[in-house]
Amino acid sequence: MINSFSSVLLLLLLLAPAVAWSAPKDQSPPANIAEATDAVPISAAPTRPALPNPPNRTRPSRAQVADLIPAVASRYGVEEALVRAVVAAESNYNAHAVSSAGAVGLMQLMPATAADYGVSSADALFDPQTNLHAGTRHLKRLLKKYNNDYGRVIMAYNAGEGVVDRTNSQVTYLETLNYTEAVINNYRRHGGAAPTQTALKQVRTLRGVRNTGKARRLLKKYLDPSLLSLNVKPTLSVRYLDPSLHEVGPKSKPMFELETSAIR
């Protein structure tokens, strides 16, 4: 009898947690947790500003754009070859081009940069005349700032003056190095007269610096430092560790030996 009573009691004890913690069948989680609790809902991630939309009109042809460049370049005293090279690299003569960062038009000007030259609307930058004037004025200012150093000017046009100044013109962004090389080569093809050989040489040097830095980062990431922690112990007394006192011959002992147990 006692054994039967104990068995029933044990069964009730085992079932008690399930009864105590199970929710009523007609109870369901609230549809909106924020309404059921005092928790503040997590705000959505900020959305990126919408990119400028190209105008709904016929895009100027390459020839039409090319015809505009000589007069604009002459007005601001910038080599026509340099303006052509920048236009080719930035938009390939597409007046309606828009980059993923929001740069607009022929010379891929950011609206904030264009505002420094009196262009207050991103939509205005789709006009080829407006874009060429603002972009060429920007080139003119960079040429003056960097004393007609075409390498620094072109790097600054792509990466920004702040990057060029902070790195003392040692910009190693792959995009900037490719851009600088492409613009200089295009500039030369269009008859550019300014010396650019030093700039091209610097690009090659910076590519090497970039590759060295990449190699260091890979070594740091993948090399097991424990492989470099080798235990070396002398095999001779201290007075014989002087190489000049170390005998050479088949019976000589090595000055040091590597403990192979340290190698994993």
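How many residues does helix H9 have, and how far does H9 reach from its first C-alpha to its last?

1. Helix H9 (residues 174–189) has 16 residues and reaches 23 Å from first to last C-alpha, close to the 22 Å expected at 1.5 Å a residue, where the expected span is 1.5 Å times one less than the number of residues. Helices here are DSSP runs (H or I, at least four residues) numbered from the N terminus.

2. This is a predicted model, in which local features need pLDDT of at least 70 and side-chain atom pairs count only at pLDDT 80 or more, while totals for chains, interfaces and linings use all residues. Residues are numbered from 1 along each chain as its sequence is written, and side-chain values use heavy atoms, with hydrogens and water left out.

3. Among the buried residues of H9 are Leu177, Tyr179, Val183, Ile184 and Tyr187; buried means under 20% relative accessible area, exposed over 50%, and partly exposed in between (1.4 Å probe, protein chains only). Just after H9, Gly191 takes a positive phi of about 85 degrees.

4. A search of the whole structure finds 1 aromatic pair. The rings of Tyr150 and Tyr187 have centres 5.2 Å apart and planes at 50 degrees, so the pair is tilted (rings of Phe, Tyr and Trp, the last by its six-membered ring, pair if their centres lie within 6.5 Å; planes under 30 degrees apart count as stacked, over 60 as edge-to-face and the rest as tilted). Tyr150 lies in helix H7 (residues 150–159) and Tyr187 in H9, so the pair ties together parts that are 37 residues apart in sequence.

5. Thr196, in the loop between H9 and helix H10 (197–222), counts as buried at 3% relative accessibility. Leaving aside neighbours within four places in sequence, Thr196 is in contact (heavy atoms within 4.5 Å) with Tyr150, Ile184, Tyr187 and Arg188.

6. Glu181 forms a salt bridge with Arg207, the closest N and O atoms being 3.0 Å apart; the term requires a side-chain nitrogen of Lys or Arg within 4 Å of a carboxyl oxygen of Asp or Glu. Glu181 lies in H9 and Arg207 in H10, so this pair ties together parts that are 26 residues apart in sequence.

7. Glu90, in helix H4 (residues 80–91), is buried yet has no salt bridge, and the nearest side chain of opposite charge, Arg141, is 14 Å away (Lys and Arg count as positive, Asp and Glu as negative; His and the chain ends are not counted). Beyond its neighbours within four places in sequence, Glu90 has contacts that include Tyr157 and Tyr179.

Conventions
Helix = DSSP H or I, 4+ residues; strand = E, 2+ residues; numbered from the N terminus.
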